[in-house]
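Open the model in your viewer and keep the selection panel at hand. The stops below each give a selection and then what is there.

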Amino acid sequence: TATMKSLRFISAEAFVSNAEFARKSLGSVAHNLFPLLFKASYLLEQGEVIHDLVENWPFVDFNMGKLLGTTVDYQEDLSHRTCSVCLESCLTGLRDYVLNHPSPYVKRLKVVDLTGIKDVEVQFCECKKTMGRWARTQLLSKLCVELLVYLQQRPCNPGIFEISIDVLIDLFVTERNYELVVQALLKKCYCPLKICCVALRSDSLALQKFFYITKLIDPSLLRKLEVVHNVRLEMEHLEMLFNSIHFPLLMSLTLPARTFNVRRFTATDERMLTNIGEKMGKMTQLTELSMSFSILTGRIQKLLSPLKTPLKMLDVSNCSLNHADMAYLANSFHANHLEALDLSGHNIPDLYPSTFFKLLSHSSSVLRSLTLEDCNIQDTHVNMLILSLSPCQKLQEFRFLGNPLSSQALKHLFTFLCELPMLKNVEFPVPRDCYPIGITYPIDDACLCRFDHQKYESVAEELNLILLQANREDVKASTPLFGSYDAAVQETNNELGAYLMKSFKETLEKFTTSLNKMS
């Protein structure tokens with residue numbers, strides 16, 4: 001089974017379980033056992049042992065994803081355990097690796113890769129305290145700044161300044177940790193630990209600060225850029241960004257809501273959109289694009305046709321796509337390569353059922369994730385949906401929250417879903433018959449929870465029974481009312497809420513000022 005342990009791993013667990021003994025004995029441990037002991041220590045949350053293993057790491061590289069992933073001795077993947085005790089011990093051990101050795105000649109470490117850590121909803125670590133992406137950004141930046149201060153204030157072995165370790169990390173920058181991250185990046189050339197940003201997520205950040213941090217991180221290394229929520233990036237700013245900064249390795253781009261709004265387009269805006277499309281066309285590695293909640297009616301082709309590499313992930317949810325847009329997607333070379341597709345917020349059955357069918361048939365051989373939330377899929381459309389999904393034999397995730405489907409229709413659909421061999425996760429809506437008669441879709445947030453909970457539980461049990469009887473216990477079916485779990489939003493929701501309130505207050509003040517001027 002996946003959790004079977006080799007005799008070597010069991011011995012490693014026994015060794016690290018006595019932290020005091022393990023720490024004293026590390027000096028006589030063979031170097032090739034360090035990775036084994038690291039994973040055993042991480043599983044048992046032996047923070048002090050983890051610290052000392054990293055402090056004395058004997059290899060050229062330290063890759064968290066590989067060390068915690070599936071190994072011969074213990075197949076369970078621990079990279080989704082963002083245990084605060086373990087991760088803090090890793091990072092402080094890294095700092096002390098720089099400081100605490102008398103001889104620089106035994107130091108071989110050149111690259112630390114922290115990008116393999118996965119943030120998930122359910123944590124299995126005993127301490128129950130997680131260190132998310134934002135907190136990891138904060139702690140690494142803090143340690144780099146403190147390390148420089150320490151080296152400046154105290155006499156150190158000159159060999160320390162010859163140490164140069166690239167620390168690959170996915171940074172998450174908001175207003176709250178911005179100054180600290182900037183300090184660490186500005187002094188990167190003087191610090192033995194060099195932050196190398198592979199992915200950047202920006203939220204709740206002024207536009208000027210976003211531009212500055214993007215230039216500081218060395219964009220030539222960036223593979224993923226997420227600009228979300230409270231960064232007021234509009235089309236003209238995006239054009240400025242692409243004109244001033246080159247992203248040769250960028251594979252994934254997420255833009256905030258309302259980046260594009262074609263309803264108020266001028267001739268200048270059309271030229272701007274063409275330029276943005278051409279700039280993206282030069283990003284030869286770009287395969288993932290998310291542009292949700294922009295208004296892109298009739299402009300998808302202009303934006304995507306310059307791309308020379310086919311997209312594997314496309315999120316155009318709530319983008320007001322018309323028939324021409326869907327026809328372009330269905331016939332484009334992207335269609336045959338789409339592994340993840342989000343078309344939420346579009347009235348698919350009424351507006352473009354045949355084009356949607358064509359799009360899915362083209363992507364069916366590779367499609368792994370499909371999201372069709374708030375698409376007005378009703379009972380009468382279920383057979384059409386089944387027909388569209390039938391070729392998608394590699395589908396692993398299917399999300400269709402917010403659609404007005406009855407309990408009976410859901411049972412019919414679930415019977416079919418059991419036949420998809422790779423399916424692992426289904427997010428289904430609260431059945432329409434659980435809500436009061438006359439409810440209108442899409443349901444607003446105020447009414448979302450006003451349904452017959454007892455009836456819903458009964459239907460959910462029946463749906464799970466359908467999966468059980470088909471021997472599909474491997475499929476997780478749920479109804480997350482307010483959308484799927486987002487680790488980044490969860491970690492910074494207090495700051496996000498405060499920023500939203502501040503923006504709302506500023507808007508009200510401007511409105512009041514305008515009214516006063518008019519009167």
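Which residues of helix 16 (residues 382–389) are buried? This is a predicted model, and in it the buried residues of that helix are Val-382, Leu-385, Ile-386, Ser-388 and Leu-389. They lie on the same side of helix 16 because they cover an arc of only 160° around the axis. Now select Asn-383 and Leu-387: these two are exposed, on the other side of helix 16.

**What covers helix 16**

Look along helix 16 and helix 17 together. Their axes are 10 Å apart and the packing angle is about 15°, which means that helix 16 is roughly parallel to helix 17. The crossing of helix 16 past helix 17 is right-handed. On the helix 16 side, the contact is made by Val-382, Asn-383, Leu-385, Ile-386 and Leu-389; on the helix 17 side, by Ala-409, His-412, Leu-413, Phe-416 and Leu-417.

**Phe-398 and the core**

Next, select Phe-398. Together with Phe-38, Phe-398 has the most contacts inside the largest nonpolar core, a set of 161 residues. Beyond its neighbours within four places in sequence, Phe-398 is in contact with residues including Leu-385 and Leu-389, Leu-413 and Leu-417, and Asn-425, Val-426 and Glu-427.

**Two loop residues**

Go to Cys-375, in the loop between strand 10 and helix 16. Is Cys-375 buried or exposed? Its relative accessible area is 0%, so Cys-375 counts as buried. Leaving out residues up to four places away in sequence, Cys-375 touches Leu-343, Ser-344, Gly-345, His-346, Asn-347, Ile-348, Pro-349 and Asn-403. For a sense of scale, draw a line from the C-alpha of Cys-375 to that of Leu-37: the two residues are 50 Å apart in space and 338 residues apart in sequence.

Then select Ser-406, in the loop between strand 11 and helix 17. Ser-406 is also buried, at a relative accessible area of 15%. With residues up to four places away in sequence not counted, Ser-406 touches Asp-379, Pro-431, Arg-432 and Asp-433.

Move to helix 6 (residues 84–99) and helix 7 (residues 133–153). At what angle do these two helices pack? The angle is about 20°, with the axes 11 Å apart, so helix 6 is roughly parallel to helix 7. Helix 6 passes helix 7 in a right-handed crossing.

**Helix 10**

Select residues 235–244, which form helix 10; Met-235, His-237, Leu-238, Glu-239, Leu-241 and Phe-242 are buried there. These buried residues pack against helix 9 (207–216), strand 5 (224–227), strand 6 (252–254) and helix 11 (267–281).

**Backbone details**

Between helix 9 and strand 5 is Asp-218, a non-glycine residue with a positive phi near 70°. Asn-318, between strand 8 (313–315) and helix 13 (323–331), has a positive phi of about 55° although it is not a glycine. The last stop is Pro-442, in the loop between strand 12 (425–427) and helix 18 (453–469). A cis peptide bond, with omega about -5°, joins Tyr-441 and Pro-442.

Note on methods: Residues numbered from 1 in each chain as written. Predicted model: local features only at pLDDT ≥ 70, side-chain atom pairs only at ≥ 80, totals over all residues. Heavy atoms only, no water. Buried < 20%, exposed > 50% of the residue type's maximum accessible area, 1.4 Å probe, protein only. Helix = DSSP H or I, 4+ residues; strand = E, 2+ residues; numbered from the N terminus. Arc of directions from axis to C-beta. Contact = heavy atoms within 4.5 Å. Core = buried A, V, L, I, M, F, W, Y, C linked by side-chain atoms within 4.5 Å. Axes fitted to C-alpha atoms, helices over the stretch in contact; angles between N-to-C directions. Parallel < 35°, antiparallel > 145°, perpendicular 65-115°, else oblique. Left-handed = near helix turned anticlockwise from the far one by under 90°.
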